[in-house]
Amino acid sequence: MNEAESAGLSVGSTGKFPTKVIKNFDQPWRTISMDPAYPGQEPSVCDTLALAAQYRDAAVKLGAISPKLAHLPVHLLALHSVELYLDALLLAKGLDHKTIRGFQHDLGEQSRVAIDAGLVLRKRTAAHLATLSSTREYAAVRYGPRQAFKLSQVNRVMATLDEVSQKVRRVLRPVP
(Lines give C-alpha, C1' and ligand atoms only; values in the text may rest on other atoms or scores of the structure.)
Protein backbone atom coordinates (compact mmCIF):
# COMPACT_ATOMS: atom_id res chain seq x y z
CA MET A 1 0.00 0.00 0.00
CA ASN A 2 1.41 3.36 -1.02
CA GLU A 3 1.03 6.69 0.80
CA ALA A 4 -2.01 7.78 -1.23
CA GLU A 5 -3.85 4.52 -0.61
CA SER A 6 -3.14 4.67 3.13
CA ALA A 7 -4.65 8.18 3.17
CA GLY A 8 -7.84 6.83 1.58
CA LEU A 9 -7.10 8.11 -1.92
CA SER A 10 -7.36 6.04 -5.04
CA VAL A 11 -6.76 6.83 -8.68
CA GLY A 12 -9.95 8.06 -10.35
CA SER A 13 -11.43 6.79 -13.57
CA THR A 14 -9.16 9.07 -15.60
CA GLY A 15 -6.06 7.59 -14.03
CA LYS A 16 -4.64 11.07 -13.48
CA PHE A 17 -6.34 12.60 -10.47
CA PRO A 18 -6.82 11.04 -7.07
CA THR A 19 -10.40 10.39 -6.07
CA LYS A 20 -11.24 10.37 -2.40
CA VAL A 21 -13.56 7.51 -1.54
CA ILE A 22 -15.76 7.81 1.52
CA LYS A 23 -17.23 4.64 2.91
CA ASN A 24 -20.73 4.68 4.34
CA PHE A 25 -20.34 2.99 7.71
CA ASP A 26 -23.98 1.82 7.86
CA GLN A 27 -23.66 0.21 4.44
CA PRO A 28 -19.95 -0.47 3.84
CA TRP A 29 -20.56 -1.87 0.35
CA ARG A 30 -21.64 1.61 -0.80
CA THR A 31 -19.03 4.20 -1.51
CA ILE A 32 -19.25 7.80 -2.64
CA SER A 33 -16.54 8.98 -5.00
CA MET A 34 -15.60 12.62 -4.87
CA ASP A 35 -14.05 13.63 -8.16
CA PRO A 36 -11.66 16.55 -7.66
CA ALA A 37 -12.87 18.16 -10.89
CA TYR A 38 -14.69 21.46 -10.48
CA PRO A 39 -18.34 20.79 -9.67
CA GLY A 40 -20.62 21.64 -12.54
CA GLN A 41 -17.70 21.61 -14.94
CA GLU A 42 -19.61 20.66 -18.06
CA PRO A 43 -23.32 21.46 -17.71
CA SER A 44 -25.26 21.94 -20.90
CA VAL A 45 -27.16 25.12 -21.79
CA CYS A 46 -30.46 23.31 -21.15
CA ASP A 47 -29.29 22.01 -17.76
CA THR A 48 -28.12 25.46 -16.75
CA LEU A 49 -31.42 27.05 -17.82
CA ALA A 50 -33.39 24.42 -15.91
CA LEU A 51 -31.33 25.04 -12.77
CA ALA A 52 -31.76 28.80 -13.14
CA ALA A 53 -35.52 28.32 -13.38
CA GLN A 54 -35.52 26.18 -10.23
CA TYR A 55 -33.65 28.87 -8.28
CA ARG A 56 -36.01 31.52 -9.66
CA ASP A 57 -39.07 29.51 -8.63
CA ALA A 58 -37.59 28.96 -5.16
CA ALA A 59 -36.92 32.70 -4.74
CA VAL A 60 -40.48 33.56 -5.80
CA LYS A 61 -42.06 30.96 -3.51
CA LEU A 62 -39.90 31.83 -0.51
CA GLY A 63 -40.57 35.52 -0.99
CA ALA A 64 -44.30 34.90 -1.13
CA ILE A 65 -44.32 32.80 2.05
CA SER A 66 -42.38 35.11 4.33
CA PRO A 67 -41.12 38.25 2.63
CA LYS A 68 -39.66 39.87 5.77
CA LEU A 69 -38.10 36.79 7.36
CA ALA A 70 -36.60 35.42 4.15
CA HIS A 71 -35.00 38.65 2.93
CA LEU A 72 -31.43 37.30 2.64
CA PRO A 73 -32.31 33.82 1.33
CA VAL A 74 -34.55 35.33 -1.35
CA HIS A 75 -31.70 37.64 -2.36
CA LEU A 76 -29.28 34.73 -2.56
CA LEU A 77 -31.63 32.54 -4.60
CA ALA A 78 -32.48 35.40 -6.96
CA LEU A 79 -28.87 36.45 -7.51
CA HIS A 80 -27.78 32.87 -8.13
CA SER A 81 -30.61 32.45 -10.61
CA VAL A 82 -29.53 35.62 -12.46
CA GLU A 83 -25.99 34.28 -12.60
CA LEU A 84 -27.18 30.94 -13.98
CA TYR A 85 -29.32 32.61 -16.66
CA LEU A 86 -26.31 34.65 -17.76
CA ASP A 87 -24.15 31.49 -17.67
CA ALA A 88 -26.62 29.70 -19.96
CA LEU A 89 -26.60 32.56 -22.44
CA LEU A 90 -22.81 32.77 -22.49
CA LEU A 91 -22.50 29.00 -22.92
CA ALA A 92 -24.92 29.17 -25.84
CA LYS A 93 -22.88 31.99 -27.37
CA GLY A 94 -19.75 29.85 -27.27
CA LEU A 95 -17.88 30.85 -24.12
CA ASP A 96 -16.19 27.94 -22.42
CA HIS A 97 -16.81 26.86 -18.83
CA LYS A 98 -13.39 28.01 -17.65
CA THR A 99 -14.03 31.56 -18.88
CA ILE A 100 -17.46 31.62 -17.26
CA ARG A 101 -16.06 30.38 -13.94
CA GLY A 102 -13.46 33.15 -14.24
CA PHE A 103 -16.18 35.76 -13.70
CA GLN A 104 -16.30 34.64 -10.05
CA HIS A 105 -19.86 35.87 -9.41
CA ASP A 106 -19.15 39.27 -10.97
CA LEU A 107 -22.64 39.88 -12.34
CA GLY A 108 -21.64 43.28 -13.72
CA GLU A 109 -18.89 41.88 -15.92
CA GLN A 110 -20.92 38.82 -16.82
CA SER A 111 -23.87 40.96 -17.88
CA ARG A 112 -21.58 43.27 -19.87
CA VAL A 113 -20.28 40.28 -21.84
CA ALA A 114 -23.85 38.98 -22.27
CA ILE A 115 -24.96 42.38 -23.58
CA ASP A 116 -22.03 42.35 -26.01
CA ALA A 117 -23.21 38.89 -27.09
CA GLY A 118 -26.69 40.19 -27.93
CA LEU A 119 -28.69 40.34 -24.70
CA VAL A 120 -30.77 43.54 -24.62
CA LEU A 121 -31.53 44.80 -21.11
CA ARG A 122 -33.12 47.99 -19.93
CA LYS A 123 -30.59 50.60 -18.80
CA ARG A 124 -31.89 50.40 -15.24
CA THR A 125 -31.41 46.61 -15.14
CA ALA A 126 -27.90 46.81 -16.61
CA ALA A 127 -27.03 49.52 -14.09
CA HIS A 128 -28.42 47.40 -11.24
CA LEU A 129 -26.29 44.43 -12.31
CA ALA A 130 -23.21 46.67 -12.36
CA THR A 131 -24.11 48.01 -8.91
CA LEU A 132 -24.51 44.48 -7.56
CA SER A 133 -20.88 43.87 -8.49
CA SER A 134 -19.45 47.17 -7.33
CA THR A 135 -21.10 46.81 -3.92
CA ARG A 136 -20.21 43.10 -3.73
CA GLU A 137 -23.83 42.36 -2.90
CA TYR A 138 -23.52 38.70 -3.83
CA ALA A 139 -20.80 38.20 -1.20
CA ALA A 140 -22.65 40.31 1.38
CA VAL A 141 -25.78 38.19 0.98
CA ARG A 142 -23.82 34.97 1.41
CA TYR A 143 -21.43 35.92 4.19
CA GLY A 144 -22.25 39.29 5.73
CA PRO A 145 -25.72 39.49 7.20
CA ARG A 146 -24.60 42.55 9.18
CA GLN A 147 -24.36 44.39 5.87
CA ALA A 148 -27.98 43.62 4.97
CA PHE A 149 -28.96 47.28 5.30
CA LYS A 150 -26.74 48.06 2.29
CA LEU A 151 -28.45 45.57 -0.02
CA SER A 152 -30.78 46.34 -2.90
CA GLN A 153 -34.45 46.11 -2.09
CA VAL A 154 -35.89 42.65 -2.68
CA ASN A 155 -38.37 43.96 -5.24
CA ARG A 156 -35.50 45.50 -7.25
CA VAL A 157 -33.59 42.19 -7.22
CA MET A 158 -36.70 40.28 -8.24
CA ALA A 159 -37.40 42.76 -11.06
CA THR A 160 -33.84 42.26 -12.31
CA LEU A 161 -34.30 38.50 -12.13
CA ASP A 162 -37.60 38.67 -14.00
CA GLU A 163 -36.13 40.73 -16.83
CA VAL A 164 -32.95 38.67 -17.15
CA SER A 165 -34.85 35.38 -17.10
CA GLN A 166 -37.39 36.51 -19.70
CA LYS A 167 -34.87 38.02 -22.07
CA VAL A 168 -32.32 35.20 -21.83
CA ARG A 169 -35.06 32.64 -22.53
CA ARG A 170 -36.25 34.76 -25.47
CA VAL A 171 -32.73 34.90 -26.93
CA LEU A 172 -32.23 31.16 -26.49
CA ARG A 173 -35.68 30.11 -27.67
CA PRO A 174 -35.34 27.97 -30.78
CA VAL A 175 -36.49 29.74 -33.91
CA PRO A 176 -39.49 27.91 -35.48
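**α6 against α8**

I began with the axes of α6 and α8, which come within 10 Å and cross at roughly 115 degrees. For this I took axes as lines fitted to C-alpha atoms, for helices over the stretch in contact, with angles from 0 to 180 degrees between N-to-C directions. The crossing of α6 and α8 is left-handed, a term for a near helix turned anticlockwise from the far one by less than a right angle, with clockwise counting as right-handed. I listed R124, T125, H128 and L129 on the α6 side of the contact, and R156, V157, T160, E163 and V164 on the α8 side. Contact here means heavy atoms within 4.5 Å.

The model is predicted, with local features needing pLDDT of at least 70 and side-chain atom pairs pLDDT 80 or more, while totals for chains, interfaces and linings use all residues. Numbering starts from 1 along each chain as its sequence is written, and side-chain values use heavy atoms, with hydrogens and water left out.

I looked up H128 in helix α6, residues 123–134. Helices are DSSP runs of H or I with at least four residues, strands are runs of E with at least two, and both are numbered from the N terminus. H128 counts as buried because its relative accessibility is 8%. The cut-offs are under 20% relative accessible area for buried, over 50% for exposed and partly exposed in between, with a 1.4 Å probe and protein chains only. Setting aside neighbours within four places in sequence, I found H128 in contact with S152, R156, V157 and T160.

A159 is in helix α8. At 27% relative accessibility, A159 counts as partly exposed.

**α2 and its cover**

Next I took helix α2, residues 45–65. Its 21 residues reach 30 Å from first C-alpha to last, close to the 30 Å expected at 1.5 Å a residue. The expected span is 1.5 Å times one less than the number of residues.

Which residues of α2 are buried? They are T48, L49, A52, R56 and A59. Seen down the axis of α2, these buried residues fall within an arc of 100 degrees, so they line one face of the helix. The arc is taken from the directions from the helix axis to the C-beta atoms. On the other side of α2, I noted C46, Q54, K61, A64 and I65 as exposed.

The cover over the buried residues of α2 includes α3 (71–92) and α8 (154–172). I read a packing angle of about 155 degrees for α2 and α8, with their axes 12 Å apart. The two are therefore roughly antiparallel; the cut-offs are under 35 degrees for roughly parallel, over 145 for roughly antiparallel, 65 to 115 for roughly perpendicular and oblique for the rest. α2 passes α8 in a left-handed crossing. Among the α2 residues that meet α8 are L49, R56 and A59.

**Loop between α4 and α5**

I checked Q104, in the loop between α4 (97–101) and α5 (107–116). Q104 is not a glycine, yet has a positive phi of about 45 degrees. Q104 is exposed, with a relative accessible area of 65%.

H105 is also in the loop between α4 and α5. Its phi is positive, near 65 degrees, in a residue other than glycine. H105 is partly exposed at 36% relative accessible area.

**Whole chain**

Last, I counted eight helices and three strands in the protein chain. Of its 176 residues, 33% count as buried.
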